[in-house]
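Please keep the sequence and the model in view while reading.

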Amino acid sequence: MDDELLTPAQVETLARAAHARQTDKAGRPYAEHLAAVAEGVREGGGDDEQIAAAWLHDAVEDDALSEEWLTAAALTPRTKAIVRALTRRPGEPPEAYADRILATPGALLVKRADLAHNADPARLAVLDEATRKRLTEKYTRMRALLGQGESGEAEER
């Protein structure tokens, strides 16, 4: 069955195509964010399933791909579980979102890479002050809920 699964390169191509018309808050192509998250997962020791999830982590949430697509996709159950864990639900409290990430094997590394790129000072610097402040507070709170300090490193427990 493994040879029927999408390869990492195929997942990247699919994610880039799905988000092709999308830009981030600074107006940059959204695929740049996906590539940075995937690279962060790779650098953090993530495996192919986590790297695939990194490429797809916002696809369902952003309506770039549907939940039905994800269900039918030639991906491992673990990759699908990570993507679902990282998909915020409308009206969902941050605590419930963080709990789901922490409860899903492999998801925390992907979310840490996502937060690291989102909170990159160079990325935030191009935003207006109010947006930069709001996002910085949001990312700091999520890091705390995930047991990370300001730097993104896991805190001692």
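## The covering of helix α3

The elements that cover the buried residues of α3 include α1, α2, α4 (67-72), α5 and α7. Those buried residues are Gln50, Ile51, Ala52, Ala53, Ala54, Trp55 and Leu56. Since seven of the nine residues of α3 are buried, the helix is largely enclosed by the rest of the structure. Here buried means under 20% relative accessible area, exposed means over 50%, and partly exposed lies in between, with a 1.4 Å probe and protein chains only. Helices (H or I, at least four residues) and strands (E, at least two) are DSSP runs, numbered from the N terminus.

## Basis of the description

The model is predicted: local features need pLDDT of at least 70 and side-chain atom pairs count only at pLDDT 80 or more, while totals for chains, interfaces and linings use all residues. Residues are numbered from 1 along each chain as its sequence is written, and side-chain values use heavy atoms, with hydrogens and water left out.

## The nonpolar core

The largest nonpolar core contains 38 residues, and those with the most contacts inside it are Trp55, Leu56, Ile101, Val110 and Leu146. Two or more residues of this core come from each of α1 (8-18), α2 (30-43), α3 (48-56), α5 (77-86), α6 (94-103), α7 (107-118) and α9 (129-145). Helix α3 supplies the largest share, six residues. A nonpolar core is a set of buried Ala, Val, Leu, Ile, Met, Phe, Trp, Tyr and Cys residues joined through side-chain atoms within 4.5 Å.

Which residues is Ile101 in contact with, leaving aside its neighbours within four places in sequence? They are Ala85, Leu86, Ala107, Leu108, Lys111 and Leu146. Contact means heavy atoms within 4.5 Å.

The axes of α3 and α5 come within 9 Å and cross at roughly 40°, in a right-handed crossing. From α3 the contact involves Glu49, Gln50, Ala52, Ala53 and Leu56, and from α5 it involves Arg78, Thr79, Ile82 and Val83. By class, these residues are five nonpolar, two polar and two charged. Ala, Val, Leu, Ile, Met, Phe, Trp, Tyr, Cys and Pro count as nonpolar, Asp, Glu, Lys and Arg as charged, and the others, Gly among them, as polar. Axes are lines fitted to C-alpha atoms, for helices over the stretch in contact, and angles run from 0 to 180 degrees between N-to-C directions.

Helix α5 also packs with α6, at an angle of about 165° and with the axes 8 Å apart. The two helices are therefore roughly antiparallel to each other. Angles under 35 degrees count as roughly parallel, over 145 as roughly antiparallel, 65 to 115 as roughly perpendicular and the rest as oblique. The crossing of α5 with α6 is left-handed. A crossing is left-handed if the near helix is turned anticlockwise from the far one by less than a right angle, and right-handed if clockwise. Arg84, Ala85 and Leu86 of α5 meet Tyr97, Arg100 and Ile101 of α6. This contact has four nonpolar, no polar and two charged residues.

## Helix α6 against helix α9

The axes of α6 and α9 come within 9 Å and cross at roughly 50°, so these helices are oblique to each other. Their crossing is right-handed. Pro94, Glu95, Tyr97, Ala98 and Leu102 of α6 make the contact with Arg141, Met142 and Leu145 of α9. By class, six of these residues are nonpolar, none polar and two charged.

Ala116 and His33 lie 83 residues apart in sequence and 11 Å apart in space, C-alpha to C-alpha.

Gly45 is in the loop between α2 and α3 and is exposed, with a relative accessible area of 61%. From Gly45 to Leu109, 64 residues apart in sequence, the C-alpha to C-alpha distance is 8.7 Å. Asp63 belongs to the loop between α3 and α4 and counts as exposed at 69% relative accessibility. Although Asp63 is not a glycine, it has a positive phi of about 60°.
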